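Subject: Structure for you, with notes

Hello,

Here is the structure you will be working with. My notes on a pocket and some aromatic contacts follow below it.

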Amino acid sequence: MKKILNSSLFSSLPFRNCLVFVFFLAFAFFLRYPSFGYTAIDWDEITYSLIGEGWLQGKLPYRDLWDIKPIGIYIIYAIIHGFLGFSIFAIRVSTLIVVVCSAYVIWLILRKSNRSFALGAGLGFLILFSYFLNGLSGNTELFYLCLEVIGVWFLFYGKKKYRFLSPLVLGFAFIIKYNTAFDILGFYLLHLYLHRKHIFKNPKSFVGYVLFYAITMLPFFISTIWIFGVGLGDSFLETHKILFSNYAKKVTFVEKIVSLQTYPVLATIILIQLGTFFLYLGKKKIPKVLLVSFLWTITSFFAATWTGYFFEHYYLPMIAPAILGSSFLFRFLNVKYFFRYKQKVAIVFVIFILIPLAVIVRKRVIKLSKVYPDIAKEIFVDIQNANLDPRPVFVAKGTHGIYSLFKQIPINRVIQPGNFTDKTNAKAMFIDNEEIKDKISKSKPGLILFCDLDVLQNPITSFDSSWNQELLVFYYQYIRKDYYYFKTYFPNCHVYLRNGTL
């Protein structure tokens, strides 16, 4: 048994590498499968999904379907739906594969410097990512973090002939979310520092390093040229005016650190990582992986601060460097106290600590699906049970996951309902009320959904100035003419069907 475990978990042979990947895949599936049927774990993932699928149907991002994210995330979702079809299941399978790839590369990074706990670090990453609700969703952080992990591998640890892939991978991470610039800049500064002796001996080589790093901008330049080439330039610039405006709440680096008390599990892992770093610093022998992870955690804090909000998914990118760094505490303890039994200790750690933790996290995932009811699916099932086909549907406010269930792209250009119902968002994002009213009038949706808001149950005067009242008045007048109320399981979600809907 000992021979089998040792050869399987610690060997670097290609077959063993494949075995580790399959093990990660099965482990992640065990953790995440209970969330596979949930329609919208995070509203952003549905937005990206609808734009990606719309792109496949000929509706271009920014012009025909609008949101404020860089184009990279829409490319990813177009690929997902192009290969796996337009479904929630396709999103869940894709996110499963992406987190497994991240865990596998974390294992690769640690395989030489901390081999005994490389497997445990990969499993720990999967457990921690599945612990958080947003870690189960298909948000931007999940995808760009995977690319960052791969980029770090090629930059610091991969074979020299493949090193050029690092800036390309990191460049694609940049066009998924621009705040990756903090991490990328940190990686390159550290890379320069680690090669400082070579640069001092040959100062001209610095130009070569700069040109190498400049490859990072290639995905941005190519995508931007395409965007302007197909006539999406104005809409694209419109999103960037919003991204770099004051629409997001401004927070400080200190405020972001203090906010970690909301996420004690992640805060504990980060504290362990920082303590481990200073432990090795005191001995003046800092492993390169630990140094990379330390800087990475700092830059990811800056990236999270730039976003301006305290949403859970902004903290997720800190998981990878925190896991990488904290794993060296186990190496330190192992070398100091259990050197003769280091592989056995690692196996015991996986079997008696990580696997029980995985069972607990899986139960948490199951519980979350019960605590947060799947409103879109429940409404969809009610409509199906009534043998009705109300397409096209329109979400005036609430979960736009219902679009995915009806296999329909939104009739309006603006994807997220909160962007045009809320007055502050509508103003900040240059929402054209007349455009939305015109789309509704021409499309004549068979179903209109309101969640947490109902203009027919409450007088218009009861809605304060925080609402986009011009649209509320239009909804009130439009629905009263041709729609009837359809009762569903959720009292806060009001469904109106067009008269004559079959």
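First, a term: a residue is buried if its relative accessible area is under 20%, exposed if over 50%, and partly exposed in between (1.4 Å probe, protein chains only).

This is a predicted model, so local features need pLDDT of at least 70 and side-chain atom pairs count only at pLDDT 80 or more, while totals for chains, interfaces and linings use all residues. Residues are numbered from 1 along each chain as its sequence is written, and side-chain values use heavy atoms, with hydrogens and water left out.

Aromatic pairs

Rings of Phe, Tyr and Trp (its six-membered ring) pair if their centres lie within 6.5 Å; planes under 30 degrees apart are stacked, over 60 edge-to-face, and the rest tilted. The whole structure holds 48 such pairs.

One of them joins Tyr33 and Phe36. Their ring centres are 5.5 Å apart and their planes meet at 50 degrees, so this pair is tilted. Tyr33 is partly exposed, at 42% relative accessible area. Phe36 is buried, at 7%.

Phe394 and Phe420 make a stacked pair, with 6.2 Å between centres and 15 degrees between planes. This pair links distant parts of the chain, 26 residues apart: Phe394 is in strand β1 (residues 393–397) and Phe420 in helix α21 (residues 418–421). Helices (H or I, at least four residues) and strands (E, at least two) are DSSP runs, numbered from the N terminus. Phe394 is buried, at 0% relative accessibility. Phe420 is buried too, at 0%. Both belong to one aromatic cluster, whose members include Phe450, Phe474 and Tyr496.

Charges over rings

A charge sits over a ring if NZ of Lys or CZ of Arg is within 6 Å of the ring centre and within 35 degrees of the ring normal. Arg364 lies over the face of Tyr131, 4.0 Å from the ring centre. Lys407 has its charged end over the ring of Phe86, 5.9 Å from the centre.

The second largest pocket

A pocket is an open set of points on a 1 Å grid over the protein atoms alone, where a 1.4 Å probe fits, with protein on both sides within 12 Å along at least five of seven lines; lining residues have an atom within 4 Å of a point. The second largest pocket is lined by 20 residues. Gly124, Ile269, Ile323, Leu354 and Leu357 lie nearest its centre. Elements giving two or more residues to this lining are α6 (118–131), α15 (264–282), α17 (319–337) and α18 (342–371). Of these, α6 gives the most, with six residues.

Best wishes
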